[in-house]
Amino acid sequence: MKEFLTTNNIKSIISPKELLCGNFGFEKEGLRIDSEGNLSITPHPDVFGNKLTNPYITTDFSESQVEIVTPTFNSLKEAYQCLTFLVDIVNTSIPYDQYIWNQSLPCILPDKYMIPLAEYEGKKGEESRDYRINLANKYGTKKQMISGIHYNFSIAEETLQKLYSNYENTEVSYKNFKNEIYLKITRNYLRFKWLIIYLTGATPSAHKTFTKECIELMEHFDGIDSYYSNEGTSFRNSNIGYKNLLALYPRYDNVKNFVSDVNGFIEEGSLSEAKELYTQIRLKPKDPTRYLKSLKEDGIIYLEVRSIDINPFDKCGVSLIDAEFVHLFLIYLMLKKEDEYPEWQSEGVYNEELTAEKAFNPDCFLHKNGKEIKIKEWANIIIDEIDELNTFLKLEKEEIIKIMRERVNNPKKTYAKQLVEIIENKGFISSQTSIAKHNKETSFESIDLETIQNNEKLKEYYTKSLPKIRL
């Protein structure tokens, strides 16, 4: 399989269009706040109906944490447009004096005991509450307030079928063929996730009400109760982020071993259940309610990328350009030859956390197969390889690659550095609250009921998101 997944083979089997075909979806978490930037501790707005039956708008850990989930689309642009529309629905449907905090690190938080856990009805509600109480006791409620973008991706089934029909090893089933492709992407993502954290990191600051461990990592005070760093790009992804208490490294050589290892973590008490394994990329099965069994029986259906900070400069929390680069990056990871270095998982975590905390320090050295390398040097090597892949396979993504190269070579182009400049002038809470208010204003300008009435898709999203409102 490793010899099969090469650029030369791919070019001879499928077209650039077929390689780029895929299925895409987004999940966006966001805290509800008041006009001063305080967490709103009121219940999840009744206008969204039952959290268990609303397919697009629900909650995550807390009643205060809105989660938006798009359907799956076969183009990134459509997924992004849907996310935009759902964000507008949320902004215009929450109470008039509430806003959505468009940041991954939290707003002003109340005492940890005042943060309301998400409430659900029925037996599932009791199980969900027990699970959240366990997480709160284990990790603390304040860490649960960290929010992010989850990027869901799968390769088009037609593309996978065509690749499989050209695979000479007939002893490998189609399910295992697909599994190996997604596992290779996953292994390489865990090696190179630090680059996505550098390019999309947008959490260099935190309010004093967040965790003491995070505040201690930040060397500057904004003068108004918040702290920030000139060196870090993403403290959400740092060692104080929402991570497992113990370093857990399941095997990714095949699904059977992965399932066996996760079951082992549960049996030894390191995890309460499989979904508590907080990896930067997740293998997703057909039936999430039977996660491990479904992985074994049905195989990997898609991947969930979890490293992306909410982008405060985009109302959706993620820019289309960044989403397109992540897609290109995943294709690159599918085709990139893997290094045979035994400590690749622990090294990946080391690089992830160092990038998150020290990316802009000129003396920042990452570890590449046990040897030190400057972050900018390695980033340029990867961008060069992606550029070569793009040219060879005629993917026509030159402009996106150019933008990412500029972020590598000029840190002022990164979201984190742009945020630091704003925070130094306006403060963390004040600037991010202003963004939340502006987003709400633009959402009211964007929602047009007549257009929704005349568009079946928009009408469906609107009526299912707001089941108690009639158009």
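In strand 12, isoleucine 373 is the bridge partner of leucine 366. Strand 11 (residues 365–368) and strand 12 (residues 371–374) run antiparallel and are joined by 4 bridges. Strands here are DSSP runs of E with at least two residues, helices are runs of H or I with at least four residues, and both are numbered from the N terminus. Two strands count as paired if DSSP finds at least two bridges between them. The hairpin of strand 11 and strand 12 has 2 residues between the strands, and asparagine 369 takes a positive phi near 55° there.

A word on the model itself: it is predicted, so local features need pLDDT of at least 70 and side-chain atom pairs count only at pLDDT 80 or more, while totals for chains, interfaces and linings use all residues. Residues are numbered from 1 along each chain as its sequence is written, and side-chain values use heavy atoms, with hydrogens and water left out.

Let us move to strand 1 (residues 22–33). Of its 12 residues, 11 are buried, so strand 1 is largely enclosed by the rest of the structure. Buried means under 20% relative accessible area, exposed means over 50%, and partly exposed lies in between (1.4 Å probe, protein chains only).

Which strands does strand 1 pair with? Within strand 5, asparagine 152 stands opposite glycine 25. Strand 3 (residues 65–69) also pairs with strand 1 in the antiparallel sense, over 5 bridges, and there glutamine 65 is the bridge partner of leucine 31.

Another set of strands forms an open sheet of 3 strands in the order 6-8-7, with antiparallel pairing. Strand 6 (205–207) and strand 7 (220–221) are the edge strands, each pairing on one side only. Strand 7 and strand 8 run antiparallel and are joined by 2 bridges. Tyrosine 227 in strand 8 is the bridge partner of phenylalanine 221.

## Salt bridges

How many salt bridges does a search of the whole structure find? The search finds 28. A salt bridge is a side-chain nitrogen of Lys or Arg within 4 Å of a carboxyl oxygen of Asp or Glu. In general, side chains of opposite charge can pair when their charged atoms come close.

| Pair | N to O distance |
|---|---|
| Aspartate 88 and lysine 315 | 2.7 Å |
| Lysine 178 and glutamate 157 | 3.5 Å |
| Aspartate 309 and arginine 236 | 2.9 Å |

Aspartate 88 and lysine 315 meet in a salt bridge. Aspartate 88 lies in helix 3 (residues 76–93) and lysine 315 in the loop between strand 10 (302–308) and helix 11 (320–335), so this pair ties together parts that are 227 residues apart in sequence. Aspartate 88 is buried at 4% relative accessible area, and lysine 315 is buried at 16%.

Lysine 178 forms a salt bridge with glutamate 157. This pair connects helix 7 (residues 174–200), which holds lysine 178, with helix 6 (residues 157–165), which holds glutamate 157; the parts are 21 residues apart in sequence. Lysine 178 is buried, with a relative accessible area of 11%, whereas glutamate 157 is partly exposed at 34%.

Aspartate 309 and arginine 236 also meet in a salt bridge. Aspartate 309 sits in the loop between strand 10 and helix 11, and arginine 236 in the loop between strand 8 (226–228) and helix 9 (255–267), so the pair ties together parts 73 residues apart in sequence. Aspartate 309 is buried at 1% relative accessibility, and arginine 236 is buried at 10%.

A network of salt bridges links Glu180, Arg187, Arg191 and Glu338.

## Helix 5

Threonine 141 belongs to helix 5 (residues 141–144). Is threonine 141 buried or exposed? Threonine 141 counts as buried, at 10% relative accessibility. Threonine 141 and lysine 112 are 29 residues apart in sequence, with a C-alpha to C-alpha distance of 5.9 Å in space.
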